[in-house]
Every structure is written in C-alpha cells, then in structure tokens.
Amino acid sequence: MGTMATRKKMDLLLAVEQIVEKAKDSGLSSEFYRKADRYIKYLSEVMDLTKEQSVMLALFIDNSDDTRISLSDIGRYLDCRNARIIRYMNEIDVLEKRELVRCSREDKRMRYRVPMEVIEAFKNNKKYTPKDCSGLSCQEFFDEIGEVFELRDNKELTYELTVDKIKHLFDCNTHLLYVQKVKSYKLYEDDEMLLVLFSHLFVNNNADCIGFNDIDFLYERFIWNMTRSDLKQCEHILQEKKLIEYSNNDGFADRDSFRITTEAKRALFSELDLVSMNQEKKRNDVVKAEEITPKKLFYGDKISSQIDELGKLLDDAQYKEIRKRMKDTGFRCGFTCLFYGAPGTGKTETALQLARITGRDIVQVNISQIKSMWVGESEKNIKHVFDSYRTKVRECDITPILLFNEADAIIGKRQEGAERAVDKMENSIQNIILQEMESLDGILIATTNLAQNMDKAFERRFLYKIKFEKPTVEARMSMWREMIPVLNEDDTRILANKYDFSGGQIENIARHYTIGKILHGESANIIDTLSAYCDSERLNAKEMHKIGF
C-alpha cells in the first residue's frame, strides 16, 4: 500500500530531483543506482528510456537554465573522471536523436541544452514526444525544413542527424509534389541535401542569389571542399541537371553565387504561393487585352494610314480570312511588323492599343531575361519563347501578339567571323529568330529606336515596316489639347510651333503641370508655366549633350 501511495505522488520533476540529489559526488557507482533505483525506474518507464539514459536526462534537466552544458561540468558534479562520462556518450546520443537534448559542436566543443518544449512537458508531468510531422502542407513542410537547417547552422545537429530529420520529413509527406519531384531526380544523399537547402533558402528566405557562405554550414569539411570545387567548376550534378545555375551579375556569370533555375522553380514549387514566383509569372505572362488602358494617339497622315491598315488586318474575322488565303496559296501566313523611330513617338503604345482594339492579348518578351550566362542557355531561352507562343496560339481563340519591345539588342547586324563567346551567342540568337520568323504562324511586332543598325536579313522578314516620326505641328496641337484641355487654340499653337517635342515629352510636361497644380493651385499664367516646363525639358537634353565638354 505504501509503495502504491508513493508512486501516485511521484512525478517527473520529483524523480529528476531525487536522481540528481543522489548522483552528487557518487561517481555513478552501483551504490548510487541502488539508492536512486525507484526514481530512475519511474523516469525510465514514463520516458521509455534505459536507466543510464534516464540518469543523463535527469542531469541535463536539472541544468536546463544553462544553454551551454558541458560534459566536464556534469563530470565535476558527479565526481567522475572524463573516461567514465565518455562511456555514457552513446546514451547521450540517443537523447539527442529523441530530441530531448540539443548538442552544439561549435569549435569542436560539445555544449548541450534542453529544448523548451521538453521542459514544458516535464513541468506538466507528461512524456515528451516530437510533434507529428505527417500530412503537412507544402508551406508547413518548409517551415519544418527551416527549423532543421537552423539547428544545423547553429551546430546543434550533426550532419547525420540533419539528414535523418529531413529524410523523416520526406517519408512523412510523400503526398507533396515537391517531395515526389525531388525523389524523381534520384540524387545521392549529399546532393539531395544541397537541393533541399537551396529550396529552403529560396522558399523561406526569398533568396535568389545564394553564396558559398549561405551553404557552407551544411557539410563536414571534406565533403564541403569537394562540393565547393564542383560548384566553382560548374561540374556539380545539380548544375548538370539544370536545377541550379550561377547568378547573373550585370550580364556576367558570378561563380561565387547561385540560384535555382526558373525551370526547377516551376517544377518544384507549384504548390506554393510565393511572391517571387508570382512576380516571375507576371513578367512572363501575357498582357490581357481587356487590361490595356485606352489611350488616344496622334500621328501624321502617312502613319495614320499605315496604322489603320494594320488595325483592319488584325481585326479577327479579317485576320483569319487573310491567313487562310495566304496559307492556301503557299505564302507564309505569319504577320511580322517593325515599328521604328525616335524614342517617345508612340511605338510601344501603338502596339498596345492595336491589341486592345482587336481583342488580342500581348506576349511580351524581355530581352535581358533571354540572355543568360550559360553557354547555350540563351539559345534555349529564345526557342522557349517561340515554343510558348506557339502553344498560346493553339490554346487561344484569338491569336495573341508576340511583342519584342526595344529589340535593338537582337536584330542588329550580325558579327562577321565572330570569335568571342558573346558575339557567337548573339549571332546564334539572331539565327534562331530569323528561322522562327520564317515559320511563324501568328503576329509578331518588334519595336526599335535604331533601325539603321538592323541586319538586312531581318529587314527582309518584316512584312510591315512603319517609321514613327516626331509628330507634325497639327499632331502636337492635338496632343496639347488632349493632355491639357484648359489650353485655348492660340496657346496650343504657340507651344506646338515653339517646341518640337515627341508625344512622350509632351506627356512628361503635362504630368509636371498636373503635379504643380495639385501642389500650388491653378497657375495665373498657364502659358508661362508650361513654357518653363518645356524649357526645362529641352535644357536637360542640352546639358546631357554637353557632358565631356
């Protein structure tokens, strides 16, 4: 009866207290184990540990206010030689695997701490069990992955334990597409861990420029040296499989920093709603026709006629009829248009308004994103642009427009006898575009400010070539009236005659005027105010011209 009453009163903290008290200066002798047997047995049964593991756990719990518990401290408390404590290392390793203690191995010195959740469990007289990590969402999965890598970065997990924990997370969440995709690559363990680390840094830290200092904590020194060398030489399996690539620094490969490739991001992170992924999708997505803001444009008579003709061609019923007839007679059925002329003359806006009026979405091509630091990768990127466009043409009821905006960089004259890798790449990109234009079944519009530098082969392949010139006096008057309706006829004529501005420049001045009106109210003399803005616009241009005087 007495024994049963004692056991009912027993709890985990009492057991720990009694074990620690009897262990002091005991040297962990057999006499200690005899005296503390009742308490050790209770702790062992509740926690499902051996007697030796229970004693070590009790000593750690008693020092739970210390985040850097050393084995030598415990040895001194027990009056044990280090050799005696070393005999318990295997038992302590079990405690670490059970997540009852954490071990930091910084500077090759082992320091232990008891996690707060273990202390809370003991306080509530409950057996501590790690949380269930099965059936997680992809974001919850990466939250857990982040915690594992944080422990590894703080040297509280060995590499082996890090691998075990991540493998356990994978085994518990085989329903996740991310887990399935990573496993489909059939990577060796060390390589798989690096891919998971890159994934964690991208998902949890939004890191798209990952340096050696961000990943060097993962491996032990020997593996890290080999991994670093492979990454430097672009010989790592993750690079060969195009899962990671060098970061881009002003158009050049930075061999000291890396990122997950766009293709890998799409394959791995489809389950996640990531801001960085959404931004990338936005950059690569089409501009919907209904999302384009209506804007009135002004041209000279000649350009107006050409734009009107192009607008009629792009009317869907007319387009389909003309395309069919062209195809039936053996002609190329793609429509390629070049808009060229000075900046600010409305080339890009014309393409947008044509798309809006004819109900066509626009697939915008970002030239800088096409050019990659990988040899051969830029060529793949440009092929991917046309492949994706072909897919969209098949999927859409109304054929979208493929827009190469500011295409100077890719339609310039090809380099004869190119020897530099960059020149060869440029030529290769141009050859691909020329071939694609030959077989195009759709609508392509390219804009450029530098038509005089265009390669003759491109000139032949553009069916429509429209030169955008600075607006006439009449067009400038219309622009002034449209953008600043309070102007009278005389004022618009004065401004249109005095300032030979493009539509973009007039829009700039109209914005200046609107901001000034908000800040200072209506101007007493509107023509003087606008003239001051115009002179400032023109003055800036002159000052830029004088640089290097």
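Guide: Helices (H or I, at least four residues) and strands (E, at least two) are runs assigned by DSSP and numbered from the N terminus. By that rule the protein has 30 helices and 11 strands. Just after one of them, helix 10, Lys 155 takes a positive phi of about 60 degrees.

Visitor: What kind of model is this, and what do its values rest on?

Guide: It is a predicted model, in which local features need pLDDT of at least 70 and side-chain atom pairs count only at pLDDT 80 or more, whereas totals for chains, interfaces and linings use all residues. Residues are numbered from 1 along each chain as its sequence is written, and side-chain values use heavy atoms, with hydrogens and water left out.

Visitor: How do you know that the span of helix 10 agrees with its 16 residues?

Guide: The expected span of a helix is 1.5 Å times one less than its number of residues. For helix 10 this gives 22 Å, and its end C-alpha atoms are 22 Å apart, so the two values agree.

Visitor: Why does Cys 138 count as buried?

Guide: A residue is called buried if its relative accessible area is under 20%, exposed if over 50%, and partly exposed in between (1.4 Å probe, protein chains only). Cys 138 has 5% relative accessibility, so it falls under the limit and counts as buried. Other buried residues of helix 10 include Phe 141, Phe 142, Ile 145 and Phe 149. What covers the buried residues of this helix includes strand 1 (102–104), strand 2 (111–113), helix 11 (159–172), helix 12 (177–184) and helix 13.

Visitor: What makes Asp 190 partly exposed?

Guide: Asp 190, which is found in helix 13, has 25% relative accessibility, a value between the two limits, so it counts as partly exposed. Leaving out residues up to four places away in sequence, it touches Tyr 159, Tyr 219 and Ile 223, where a contact means heavy atoms within 4.5 Å. The C-alpha atoms of Asp 190 and Tyr 159, 31 residues apart along the chain, are separated by 9.9 Å.

Visitor: Why is helix 5 described as largely enclosed by the rest of the structure?

Guide: Nine of its 12 residues are buried, so the description follows from that count. Among them are Gln 53, Val 55, Leu 57 and Phe 60.

Visitor: What does the largest nonpolar core consist of?

Guide: A nonpolar core is a set of buried Ala, Val, Leu, Ile, Met, Phe, Trp, Tyr and Cys residues joined through side-chain atoms within 4.5 Å. The largest one has 51 residues, of which Phe 141, Tyr 178, Leu 194, Ile 215 and Phe 269 touch the most other members. Helix 13 (residues 189–205) gives the most to this core, with nine residues. A second, separate core of 50 residues includes Cys 337, Val 365, Val 385 and Ile 429.

Visitor: How many aromatic pairs does a search of the whole structure find?

Guide: The search finds 19. Rings of Phe, Tyr and Trp (its six-membered ring) pair if their centres lie within 6.5 Å, and planes under 30 degrees apart count as stacked, over 60 as edge-to-face and the rest as tilted.

Visitor: Why is the pair of Phe 149 and Phe 217 called edge-to-face?

Guide: The ring centres of Phe 149 and Phe 217 are 6.3 Å apart, which is within the limit, and their planes stand at 80 degrees, which is over 60, so the pair is edge-to-face. Phe 149 lies in helix 10 (residues 138–153) and Phe 217 in the loop between helix 14 (212–215) and helix 15 (221–232), so the pair ties together parts that are 68 residues apart in sequence.
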